Amino acid sequence: MQTLTPHVYWAQRHADIYLRVELSDAKDLEICVQNNTLQFKGWWFVLRWNRKKENTSSLYRVHGIKPTFLCWTAQGHGAKGDHDYEFSLDFLEPVKPEVSHRSTQRLVNVTVRKQEQRWWDRLTLQERKPLFLAPDFDRWLDESDAEMELQAKEEEKINKVSIESRIPYLGLKKGYLFMYNLVQFLGFSWIFVNMTVRLFILGQDSFYDTFHTIADMMYFCQMMAVAEVMNPLVGLVKTGVFPAMIQVVGRNVILFVIFGSLEEMQNKAVVFFVFYLWSTIEIFRYPFYMLACIDTDWKLLTWLRYSIWMPLYPLGVLAEAIAVIQSLPIFDETRLYSIPLPTVLGSSFSFSFTLKIYLALMFLGLFINFRHLFRQRRRRMRSRKRKNN
């Protein structure tokens, strides 16, 4: 039977090398990592590699330097049918001899541990990569993202150690988070259902009295949302404080300052769109976090949690921006929240000027939160692909 080379895809982390070998129904699998000292195959490999550097092999013997390579053989069904398949890789830096692998009907996943935990510029010792080797984009991370993942894992280990010594605290924490997310889910569900029913019954007329019908429940939910800034501050959740603060402060400015302070704004159609977009996002976000507290994962809900915000979040910010723009002439006319100034400096400092600055900051916050949420989505979806493989 002819021996061929399979397609191999690779990715790395600071501590590991991941190889994905495209080979179906692999049999007689032999994977080994060998040092090139005191082994015939290893020495032959070094001499072949050093045809133009004759002194290098003696340098290995004298100083004990041990570059390593991986050899791989198996029988299976690859791109060219049923054959014997093999390949070898000369790694850029030393790796540990222990290799773990997992075979499925479609592929073989191989994990190799690095000798030293650091980022490699490339996989192989030779600068020109082998033709059968390509990046594994399902697992690929750049160095900065890998550092963030490594930091998250280290924090998780630290948290596990601390959690094990605080079992009663863990139960209270999960109970609190479950109840908080449940209450918020029920509140925003009431808002969403109420507005949807009124829209079907009253049509466009429901746009203009949304505030008077929904405001009390929205006040309650948004005051409760302040806990989403406090929870990461005291270590109850691992999410960042700044993205949560951007969302909570932004919404409360719109709700309490723009809508709550100006009666002229309360009868405008923009209130309906702001409230409806907020509630649509939250009826998927809060049940996802609620089920996470009891280690339950629904695939459809997870996908909706990490996908539906992409169209709705920018639309929500756009609706908020329209509300701010519509309120500017009202604040100029009523002089509400304006600051009186000495006669030399002028009559007063108009609050509408502050809102114009806030309007620019809204879109900066949109960019920051959009990037944060997109990274969360990419990390979550990538981890689900690994579990499925």
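This is a short walk through the structure above, from the whole chain down to single residues. The model is predicted, so local features need pLDDT of at least 70 and side-chain atom pairs count only at pLDDT 80 or more, while totals for chains, interfaces and linings use all residues. Residues are numbered from 1 along each chain as its sequence is written, and side-chain values use heavy atoms, leaving out hydrogens and water.

Let's start with the whole chain. It contains 12 helices and 11 strands; these are DSSP runs numbered from the N terminus, with helices (H or I) of at least four residues and strands (E) of at least two. Of its 389 residues, 43% count as buried. Buried means under 20% relative accessible area, exposed means over 50%, and partly exposed lies in between, with a 1.4 Å probe and protein chains only. Now think about contacts, meaning heavy atoms within 4.5 Å. Among those between residues at least 6 apart in sequence, 72% join residues at least 24 apart.

Next, look at the aromatic rings. Rings of Phe, Tyr and Trp (its six-membered ring) pair if their centres lie within 6.5 Å; planes under 30 degrees apart count as stacked, over 60 as edge-to-face and the rest as tilted. By this rule there are 21 aromatic pairs. In one of them, the ring centres of Phe-211 and Tyr-219 are 6.2 Å apart and the planes stand at 90 degrees, so the pair is edge-to-face. Phe-211 has a relative accessible area of 6%, so this residue is buried. Elsewhere, ring pairs join Phe-192, Phe-207, Tyr-208, Phe-272, Phe-273 and Tyr-276 into a cluster.

Rings can also have a charge over them: this applies if NZ of Lys or CZ of Arg is within 6 Å of the ring centre and within 35 degrees of the ring normal. The charged end of Arg-139 sits over the ring of Tyr-18, 4.5 Å from its centre. Arg-285 lies over the face of Tyr-286, at 4.6 Å from the ring centre.

Finally, find the loop between helix H6 (227-233) and helix H7 (241-259), where Thr-239 lies. Thr-239 has a relative accessible area of 35%, so it is partly exposed. Leaving aside neighbours within four places in sequence, Thr-239 is in contact with Pro-232 and Gln-376. The C-alpha atoms of Thr-239 and Val-229 are separated by 9.5 Å, and these residues are 10 apart along the chain.
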